[in-house]
Amino acid sequence: MFEVSLESEFISNLSQESRSWLARAIGVVILGDGQVDNEELISLRAAISFLEDESEIVELVTAVKSRSKLELGRIDERMDRAATIYFYLATVITINGRVTREEADLFKSIAGKLGLPPEYARSVLQWASDVMKLNKQRNQLIKAAKELRPQYY
């Protein structure tokens with residue numbers, strides 16, 4: 001129904017190393033709870049689009065299909081770009097409407113890989129939780145609208 005994505009200009013301004021890291025981070029987040037939901041596959045398609053190297057694509061897809069652990073190293077990126085990446089990963093982690101304790105811990109550790117401080121990670125996780133609640137409320141309101149009769153004014 002709704003899709004969140006990074007602007008192509010933002011992606012094109014990242015180095016190939018940063019794009020590879022981002023794609024891998026998306027894979028790590030998707031695998032964070034040990035399940036791969038249909039909603040998360042949209043994010044996987046986005047991750048694949050960031051990659052130019054066929055072997056990286058195969059590695060990422062294979063890891064997600066087999067639910068194999070992906071390792072994620074540190075990335076040296078400008079703080080504003082790191083924050084944008086982190087917020088995007090927050091939307092990926094909450095896309096299925098829930099965040100497990102494992103996912104929350106993983107998400108906090110990813111902040112460290114981006115050079116973001118722990119208090120920043122907590123703030124973004126709280127923001128993501130709030131957005132998740134608002135999304136649930138939106139979906140309930142849309143569902144409730146089925147019972148409404150048109151009132152034009």
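Reader: Why does the span of α7 agree with what its 27 residues should give?

Author: This is a predicted model, and the check is simple. At 1.5 Å a residue, the 27 residues of α7 should span 39 Å, and the C-alpha atoms at its ends are 39 Å apart, so the two agree.

Reader: Which residues of α7 are buried, and what covers them?

Author: Ala121, Val124, Leu125, Ala128 and Met132 are buried in α7. The cover over the buried residues of this helix includes α5 and α6.

Reader: What makes Phe87 and Tyr120 an edge-to-face pair?

Author: Start with the count, which comes to three aromatic pairs. For phenylalanine 87 and tyrosine 120, the ring centres are 6.5 Å apart and the planes sit at 85°. Edge-to-face calls for planes over 60 degrees apart, so at 85° this pair is edge-to-face.

Reader: Why say that this pair ties together parts that are apart in sequence?

Author: Because phenylalanine 87 lies in helix α5 and tyrosine 120 in helix α7, 33 residues apart in sequence.

Reader: Why is phenylalanine 87 called partly exposed?

Author: Its relative accessibility is 28%. Buried would need under 20% and exposed over 50%, so phenylalanine 87 counts as partly exposed. Tyrosine 120, with a relative accessible area of 28%, is partly exposed too.

Reader: What kind of aromatic pair do phenylalanine 87 and tryptophan 127 form?

Author: An edge-to-face one, with 4.8 Å from centre to centre and 75° between the planes. This pair also links distant parts of the chain, with phenylalanine 87 in helix α5 and tryptophan 127 in helix α7, 40 residues apart.

Reader: How do you know that tryptophan 127 counts as partly exposed?

Author: Tryptophan 127 has 34% relative accessibility. That value falls between the 20% and 50% cut-offs, so tryptophan 127 counts as partly exposed. Phe87, Tyr120 and Trp127 form one aromatic cluster.

Reader: Which residues have the most contacts inside the largest nonpolar core?

Author: That core has 43 residues, and those with the most contacts inside it are Trp21, Leu22, Tyr86, Leu89, Ile110 and Leu114. Helices α1, α2, α3, α4, α5, α6 and α7 each supply at least two of its residues.

Reader: Leaving aside neighbours within four places in sequence, what is leucine 89 in contact with?

Author: Leucine 89 is in contact with Trp21, Leu22, Ala25, Ile26, Val29, Phe107 and Ile110.

Key. Residues are numbered from 1 along each chain as its sequence is written. This is a predicted model: local features need pLDDT of at least 70, side-chain atom pairs count only at pLDDT 80 or more; totals for chains, interfaces and linings use all residues. Side-chain values use heavy atoms; hydrogens and water are left out. A nonpolar core is a set of buried Ala, Val, Leu, Ile, Met, Phe, Trp, Tyr and Cys residues joined through side-chain atoms within 4.5 Å. Buried means under 20% relative accessible area, exposed over 50%, partly exposed in between (1.4 Å probe, protein chains only). Helices (H or I, at least four residues) and strands (E, at least two) are DSSP runs, numbered from the N terminus. Contact means heavy atoms within 4.5 Å. The expected span of a helix is 1.5 Å times one less than its number of residues. Rings of Phe, Tyr and Trp (its six-membered ring) pair if their centres lie within 6.5 Å; planes under 30 degrees apart count as stacked, over 60 as edge-to-face and the rest as tilted.
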